[in-house]
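This briefing covers one structure, shown below. The points are grouped by topic, with cut-offs stated where a term comes up.

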Amino acid sequence: MCYAVSMLFQGIGVKPVMYDIDQDPQGREMEKALMKLAGTTAGPVPAVFIGGKFMGSTNDIMSAHLSGQLLHMLKPYHSLS
């Protein structure tokens, strides 16, 4: 799912900054914090933040894209053509 979200962002001209918690010694604690933030017991990744605000995971981002809201959310942070 991380790959799909990354490809979505790249497809609309955004180069996402990605952080692989699997490679971090504190990754398990980060995962727990993300699950609490997302309000879920399911895997919280990818956890997408825009402008420092948690926007959700794959379903949330794909839904925002399909509704046209994703570009609107990104506009203050990225010059889209």
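**Exposure, core and helix packing**

R28 counts as exposed, with a relative accessibility of 55%; exposed means over 50% relative accessible area, buried under 20%, and partly exposed in between (1.4 Å probe, protein chains only). This is a predicted model, in which local features need pLDDT of at least 70 and side-chain atom pairs count only at pLDDT 80 or more, while totals for chains, interfaces and linings use all residues. Residues are numbered from 1 along each chain as its sequence is written, and side-chain values use heavy atoms, with hydrogens and water left out.

**Salt bridge**

- The whole structure has 1 salt bridge, defined as a side-chain nitrogen of Lys or Arg within 4 Å of a carboxyl oxygen of Asp or Glu.
- R28 pairs with E31 in a salt bridge, and their closest N and O atoms are 2.7 Å apart.
- R28 and E31 lie 3 residues apart in helix α2 (residues 27-38), so about one helical turn separates them.
- Helices (H or I, at least four residues) and strands (E, at least two) are DSSP runs, numbered from the N terminus.
- E31 is partly exposed, at 22% relative accessible area.

**Nonpolar core**

- The largest nonpolar core has 11 residues: V5, L8, F9, I12, V14, V48, I50, I61, A64, L70 and L74.
- Such a core is a set of buried Ala, Val, Leu, Ile, Met, Phe, Trp, Tyr and Cys residues joined through side-chain atoms within 4.5 Å.
- At least two residues of the core come from each of α1 (2-11), β1 (48-50), α3 (58-67) and α4 (69-74).
- Helix α1 gives the largest share of this core, 3 residues.
- In soluble globular proteins, nonpolar side chains tend to be buried together.
- Apart from neighbours within four places in sequence, I50 is in contact (heavy atoms within 4.5 Å) with M55, L70, M73, L74 and Y77.

**Helix α3**

- T58, I61 and A64 are the buried residues of α3.
- These residues cover an arc of only 135° around the axis, which means that they sit on the same side of α3; the arc is that of the directions from the helix axis to the C-beta atoms.
- T58 is buried at 8% relative accessibility.
- Outside four places in sequence, T58 is in contact with M1, V5 and P46.
- The cover over the buried residues of α3 includes α1, β1, β2 (53-56) and α4.
- Exposed residues N59 and L66 are on the face of α3 turned away from its buried side.
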